[in-house]
Amino acid sequence: KTSPYRLRTDILSLLANLATCGQSVQNEIASAGGLELILSQTYIDPNNPLQKEHAVFAIRNLCQGNAKIRQRIQELQYQGVTNTKELANLGLKVSEKKNVRSDASAEGRPSLMPVVAEQAVDECQKKDKKERP
């Protein structure tokens, strides 16, 4: 029996292979919304462990010899984080915190933490602000 998750990987693999057929095919995939679709699959899915690798391979093939697609990717803007019901069911929430780590490169990155832990951090930060002169 074939896993329903396997279909996603097969589609990514197909797009990766089609992208090797030249710029006209690469541009057609991108203009049909394929670039954003592929980029949205670059996460680790425990039910579909090869999904991310196939997506990265497809992006590589789309960018190969195609400055227009590389430019489109460079122009993408961060739009924020999204919490899903699946995360909420696990008691997790994605939040955008400034200075998540001590290095400046982490500023504004999304972080995943248990809702209870996030509430505790928020309470500590509020308490810290009240105690400062």
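**Exercise 1. Cysteines**

How many disulfides does the count come to in this predicted model?

*Solution.* Start with the cut-off: the two cysteine sulfur atoms must lie within 2.5 Å. By this rule, the count is zero disulfides. Next, take the surroundings of two cysteines. Cys 21 is exposed, at 52% relative accessibility. Cys 63 is buried, with a relative accessible area of 15%.

**Exercise 2. Confidence and layout**

State how the elements run, and where confidence is lowest and highest.

*Solution.* Begin with the inventory: seven helices and two strands. From the N terminus, their order is α-α-α-α-α-α-β-β-α. The mean pLDDT of the protein is 80, and 72% of the residues reach 70 or more. Helix α2 (residues 23-31) has the highest confidence, at 96. Strand β2 (residues 110-114) has the lowest, at a mean of 57. Finally, look at residues 100-106, where pLDDT stays under 50. For that stretch the model has five contacts beyond four places in sequence.

**Exercise 3. Salt bridges**

Step one: Arg 6 pairs with Asp 10, with the closest N and O atoms 2.8 Å apart. Both sit in helix α1 (residues 4-18), four residues apart, so about one helical turn separates them. Arg 6 is partly exposed at 46%, and Asp 10 is partly exposed at 35%.

Step two: Arg 8 and Asp 45 form a salt bridge at 3.4 Å, N to O. Arg 8 belongs to helix α1 and Asp 45 to the loop between α3 (34-39) and α4, so this pair ties together parts 37 residues apart in sequence. Arg 8 is partly exposed at 30% relative accessibility. Asp 45 is buried, at 10%.

Step three: Arg 72 meets Glu 36, the closest N and O atoms being 2.6 Å apart. This pair links distant parts of the chain, helix α5 (residues 67-74) and helix α3, 36 residues apart. Arg 72 has a relative accessible area of 29% and is partly exposed. Glu 36 is partly exposed too, at 37%.

**Exercise 4. Asn 61**

Is Asn 61 buried or exposed?

*Solution.* First, locate the residue: Asn 61 lies in helix α4 (residues 51-63). Next, apply the cut-off: buried means under 20% relative accessible area. Asn 61 has 1%, so the residue is buried. Then list its contacts, leaving aside neighbours within four places in sequence: Ala 16, Asn 17, Ala 19, Thr 20 and Gln 26. For context, 24% of the 133 residues of the protein count as buried.

Terms used:
Residues are numbered from 1 along each chain as its sequence is written. This is a predicted model: local features need pLDDT of at least 70, side-chain atom pairs count only at pLDDT 80 or more; totals for chains, interfaces and linings use all residues. Side-chain values use heavy atoms; hydrogens and water are left out. pLDDT is the predictor's confidence in each residue, from 0 to 100. Contact means heavy atoms within 4.5 Å. Buried means under 20% relative accessible area, exposed over 50%, partly exposed in between (1.4 Å probe, protein chains only). A salt bridge is a side-chain nitrogen of Lys or Arg within 4 Å of a carboxyl oxygen of Asp or Glu.
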